[in-house]
Amino acid sequence: MHKVRWHYFTQGLGILIILIGAALGLSVSRSYNRSKSYTSPHQLIGLAVVALILLQATLGTLHHRIFKAKQTPTVMGLIHRFLGPVAILAALVNGFLGFNLAQSSRHNIGYAIVIVLVTLILGGGGYWQVRRRRRMDVFDTPAAVNFRRGNEEGTTNNDIPLQQGYGPPPAYGRPVGS
């Protein structure tokens, strides 16, 4: 449940930033002749991204409510899972178009560098999390659970039956009481 709340918080903050950015963009667009008509690719893709993000949030919220009640995955959850990366990719491409619209295409290089750095940092963090989770999953195998249970009950190696015809090495002698 903690991860769901963190997801709600971070995504809600992201949506707020996107809505502020869209409002500022619409406001600035009225100031320039080349953007007053709202027909440039940057403006159209920007409005589509805002719509996708709002749809994404709605689908995620509905999926969570249904999943909580029925404990079964929903189609909305599947769409939510794949719509996020599509919306992010569209928004990233739209950033390049925005610099071109503002006639500041020289900033595309810096923007591309930031995208690559953020992708490497987030991708590396994601890889590290998956790797760590896989390494920890070893401790949840049936053998590991059985081992822990045996140690919790206080069993010792003396309780393990030896193969037929073999006993302890002569230097150790027979166990006391046999």
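Helix H2 (residues 41-70) and helix H3 pack at an angle of about 160°, with their axes 8 Å apart. That makes H2 roughly antiparallel to H3, because an angle over 145 degrees counts as roughly antiparallel. The crossing of H2 past H3 is left-handed. Sorted by class, the H2 contact with H3 has 17 nonpolar residues, 11 polar residues and no charged ones. This is a predicted model.

**Overall make-up**

The protein chain has 5 helices and 0 strands. Read from the N terminus, its elements run α-α-α-α-α. The chain has 178 residues, of which 16% count as buried. Take the contacts in the chain with a separation of 6 or more: residues 24 or more positions apart account for 47% of them.

**Helix packing**

Two packed helices are described by the angle between their axes and the distance between the axes.

| Helix pair | Axis distance | Angle | Handedness of crossing |
|---|---|---|---|
| H1 and H2 | within 11 Å | roughly 155° | left-handed |
| H2 and H3 | 8 Å | about 160° | left-handed |
| H3 and H4 | within 10 Å | roughly 165° | right-handed |

Start with H1 and H2. Their axes cross at roughly 155°. H1 is therefore roughly antiparallel to H2. Which residues of H1 meet H2? The H1 side consists of Val 4, Tyr 8, Ile 15, Ile 18, Leu 19, Ala 22, Leu 26 and Ser 29. They meet Gln 43, Leu 47, Val 50, Ile 53, Leu 54, Ala 57, Thr 61 and His 64 in H2. By class, the contact of H1 with H2 has 12 nonpolar, 4 polar and no charged residues.

Now H3 and H4. Their axes cross at roughly 165°. The two helices are therefore roughly antiparallel to each other. H3 passes H4 in a right-handed crossing. On H3, the contact is made by Ala 91, Leu 92, Gly 95, Phe 96, Phe 99 and Asn 100. On H4, Asn 108, Tyr 111, Ala 112 and Ile 115 take part. The class count for H3 with H4 is 7 nonpolar, 3 polar and no charged residues.

**Aromatic pairs**

How many aromatic pairs does a search of the whole structure find? It finds 3. One of them joins Trp 6 and Phe 9, with ring centres 5.9 Å apart and 35° between the planes. That pair is tilted. Both residues lie in helix H1 (residues 2-29). They are 3 residues apart, about one turn of the helix. The cut-off for exposed is over 50%.

Phe 96 and Tyr 111 form a pair with ring centres 4.8 Å apart and planes at 75°, so the pair is edge-to-face. Planes over 60 degrees apart count as edge-to-face. Phe 96 lies in helix H3 (residues 75-101) and Tyr 111 in helix H4 (residues 108-137), so the pair ties together parts that are 15 residues apart in sequence. Phe 96 is partly exposed, with a relative accessible area of 29%. Phe 96 and Tyr 111 belong to one aromatic cluster with Phe 99.

**A glycine in H3**

Gly 77 is found in helix H3. Where does its relative accessible area put it? At 15%, Gly 77 is buried, because the cut-off for buried is under 20%. The C-alpha atom of Gly 77 is separated by 8.8 Å from that of Phe 67. The two residues are 10 apart along the chain.

**Positive phi in two loops**

Most residues other than glycine have a negative phi. Tyr 38 has a positive phi, near 55°. Tyr 38 lies in the loop between H1 and H2. At 25% relative accessibility, Tyr 38 counts as partly exposed.

Gln 103 also has a positive phi, near 55°. Gln 103 sits in the loop between H3 and H4. At 59% relative accessibility, Gln 103 counts as exposed.

Notes: Residues are numbered from 1 along each chain as its sequence is written. This is a predicted model: local features need pLDDT of at least 70, side-chain atom pairs count only at pLDDT 80 or more; totals for chains, interfaces and linings use all residues. Side-chain values use heavy atoms; hydrogens and water are left out. Rings of Phe, Tyr and Trp (its six-membered ring) pair if their centres lie within 6.5 Å; planes under 30 degrees apart count as stacked, over 60 as edge-to-face and the rest as tilted. Helices (H or I, at least four residues) and strands (E, at least two) are DSSP runs, numbered from the N terminus. Buried means under 20% relative accessible area, exposed over 50%, partly exposed in between (1.4 Å probe, protein chains only). Axes are lines fitted to C-alpha atoms, for helices over the stretch in contact, and angles run from 0 to 180 degrees between N-to-C directions. Angles under 35 degrees count as roughly parallel, over 145 as roughly antiparallel, 65 to 115 as roughly perpendicular and the rest as oblique. A crossing is left-handed if the near helix is turned anticlockwise from the far one by less than a right angle, and right-handed if clockwise. Contact means heavy atoms within 4.5 Å. Ala, Val, Leu, Ile, Met, Phe, Trp, Tyr, Cys and Pro count as nonpolar, Asp, Glu, Lys and Arg as charged, and the others, Gly among them, as polar.
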